[in-house]
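Colleague: Could you walk me through this one? I'd like to start with a strand and how it pairs.

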Amino acid sequence: MPREKKIEEYDVVIIGGGASGLTAGIYCGRARLKTIVIEQALVGGIATNTNEIENYPGFPEGTTGTGLMKLFHQQAKKFGVKFKLTNVKTVDFTGDIKIVETFRNRYKAKAVIICNGSKPRLTGAENEEKYVGKGIAFCATCDAAACTDEEVLVIGSGDAAIEEGMFLTKFASKVKVSIIHDEGIMDCNEVAKSAALANPKMEFLHNTVVERFEGEDELTTVVLKNLKTGELTSIDCFTCFLFIGYIPNTSIYEDKVNMTKSGYVITSENMETSVPGVFAAGDVRDKFLRQVATCVGDAATAGVMAEKYIAETEIFENIIMKGDGIAYIFDASKADHRKFLEEIEELEKEYDEYCCHRVDTYKSRGLAQRLCKTGHCPSVIIIKNGKVVKVISEETLSKNEIEKNL
Ligand SMILES: Cc1cc2nc3c(=O)[nH]c(=O)nc-3n(C[C@H](O)[C@H](O)[C@H](O)COP(=O)(O)OP(=O)(O)OC[C@H]3O[C@@H](n4cnc5c(N)ncnc54)[C@H](O)[C@@H]3O)c2cc1C
């Protein structure tokens, strides 16, 4: 008989313990939310793949990915965040309480932050795994300086490959590019293509794919195969950059949150996914730049938004929807909305058996959305016995109309 899963309850469950998950943990833990980070492999995530992080602010001498992530981890633990090393198998976001399941446990959470990251697509060639982080790299912004006056090889011909290849020419003595297509064909945009073709440091190896990677402890040689002739050529290189795409770790979210065709989670600028109470941060998001600095920004926002969502849920369920009352949804920056507050105050005095809640859409957008599904602002919501019985808005919004419905 299958063993019954242990149930644990948290305010916030964070899935993924990379730069984003750790930062979200710092923010949630510091907000005194009961928080757990579930990480399937190594706390620190993909940043631990790099020896050199020179562009993360606050470290003028640079730092290592592992060193930086250790500090993030330490800081999250300081704020009481719990860690569980296992992988999340399924999620259920259909109810107000979100369910996150691992092999042994079922976690119930008021809010979830998705921080699963993405993984670089690999070529699948022989010995590849052995040299990841030891000569096989995925980030020119991060590793170009280490390639000064060295020869490097780039795999791929999309925008990332050609633009990052061009960036590498500022450091490397030669940038060879392995392209799967016939001479003259590249997957990148025309502007990048023309610039690359005119750059004397770039050399293009058409109709080639990686056959295998070679070296001792570190990569020294990449063997390329010509798809037309079958000929194998050994290319000595200091670093081989793979730019053949990324794969987001989002298979468990299929049909659970909105994603792009390539599987990246779509969020608002406040890191909200299509499901209220579920947020996403870092490389797993559909966004322009995937770096530690941008992960930190995303995750700080997601952490604060999760805190706000939980606080608003508590106000909504335990204060506003308990008993009879009215909620005035307004935009405090608008003079006419502020003016109507005077009428609300009069009502408050006349009908003191009714609780009167002021919901400013700027500060409490989520709360306003829960109370008024149509999104009308200003509007007055009449609540009786814990249920919304009337929404009064636009031209019908008047003290008289409210009184008629009390
Ligand atoms: C080689 C390399 C060098 C880089 N160098 C730099 C640099 O110099 N500067 C810079 O700013 N950026 C650099 N980057 C980019 C930077 O590392 C990433 O943008 C950042 O670390 C992503 O963090 P993240 O938390 O969003 O994702 P990740 O670090 O990928 O973390 C996601 C975590 O989620 C876990 N996970 C996934 N699925 C599950 C599941 N189902 N259950 C539980 N856990 C799960 C994964 O194991 C992983 O640990 C580099 C990237 C690479 C690959």
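Modeller: Gladly, and please keep in mind that this is a predicted model.

Colleague: Which residue in E20 is the bridge partner of glycine 325?

Modeller: The partner of glycine 325 there is isoleucine 383.

Colleague: And how many bridges join E18 to E19?

Modeller: There are 6 bridges between E18 and strand E19 (residues 355–360), and this pair runs parallel; within the pairing, tyrosine 328 stands opposite arginine 358 of E19. The chain also forms a right-handed β-α-β unit from E18, helix H8 (residues 335–350) and E19.

Colleague: How many residues of E18 are buried?

Modeller: Of the 6 residues in E18 (residues 325–330), 5 are buried, so the strand is largely enclosed by the rest of the structure.

Colleague: Okay, zooming out: how many helices and strands does the protein have?

Modeller: The protein has 10 helices and 21 strands. Its radius of gyration is 27 Å, well over the 22 Å that the globule rule gives for 406 residues, so the protein is more spread out than a compact globule. Along the principal axes, its C-alpha atoms fill a box of roughly 90 × 55 × 45 Å, and 39% of the 406 residues count as buried.

Colleague: New topic, the ligand. Which residues are closest?

Modeller: The ligand is surrounded by 38 residues, and the closest are Gly16, Gly18, Gly45, Gly117 and Gly282. Helix H1 (19–30), strand E2 (35–39) and helix H7 (292–320) each contribute at least two residues to this shell, whose residues divide into 19 nonpolar, 16 polar and 3 charged.

Colleague: What about the backbone, where is there a cis peptide bond?

Modeller: One joins cysteine 377 and proline 378, with omega at about 5°, and proline 378 sits in the loop between helix H9 (365–371) and E20. As background, most peptide bonds are trans, and most residues other than glycine have a negative phi.

Colleague: Which residue has a positive phi near 60°?

Modeller: That is asparagine 207, which lies in the loop between strand E11 (202–205) and strand E12 (208–215). Aspartate 255 also has a positive phi, near 65°, and is found in the loop between strand E16 (246–248) and strand E17 (278–280).

Colleague: Why does aspartate 255 count as exposed?

Modeller: Aspartate 255 counts as exposed because it has 6 C-beta neighbours inside 10 Å, and the cut-off for exposed is 12 or fewer. Asparagine 207, with 18 such neighbours inside 10 Å, counts as partly exposed.

Key: Residues are numbered from 1 along each chain as its sequence is written. This is a predicted model: local features need pLDDT of at least 70, side-chain atom pairs count only at pLDDT 80 or more; totals for chains, interfaces and linings use all residues. A residue is buried if 20 or more other C-beta atoms lie within 10 Å of its own, exposed if 12 or fewer, and partly exposed in between; C-beta atoms are placed from the backbone. Helices (H or I, at least four residues) and strands (E, at least two) are DSSP runs, numbered from the N terminus. Two strands pair if DSSP finds at least two bridges between them. A crossover is right-handed if, with the strands pointing away from the viewer, the path from the first strand over the helix to the second runs clockwise. The radius of gyration is taken over C-alpha atoms; the globule rule is 2.2 Å times the number of residues to the power 0.38. A residue is near a molecule or strand if its C-beta atom, placed from the backbone, lies within 6 Å of it. Ala, Val, Leu, Ile, Met, Phe, Trp, Tyr, Cys and Pro count as nonpolar, Asp, Glu, Lys and Arg as charged, and the others, Gly among them, as polar.
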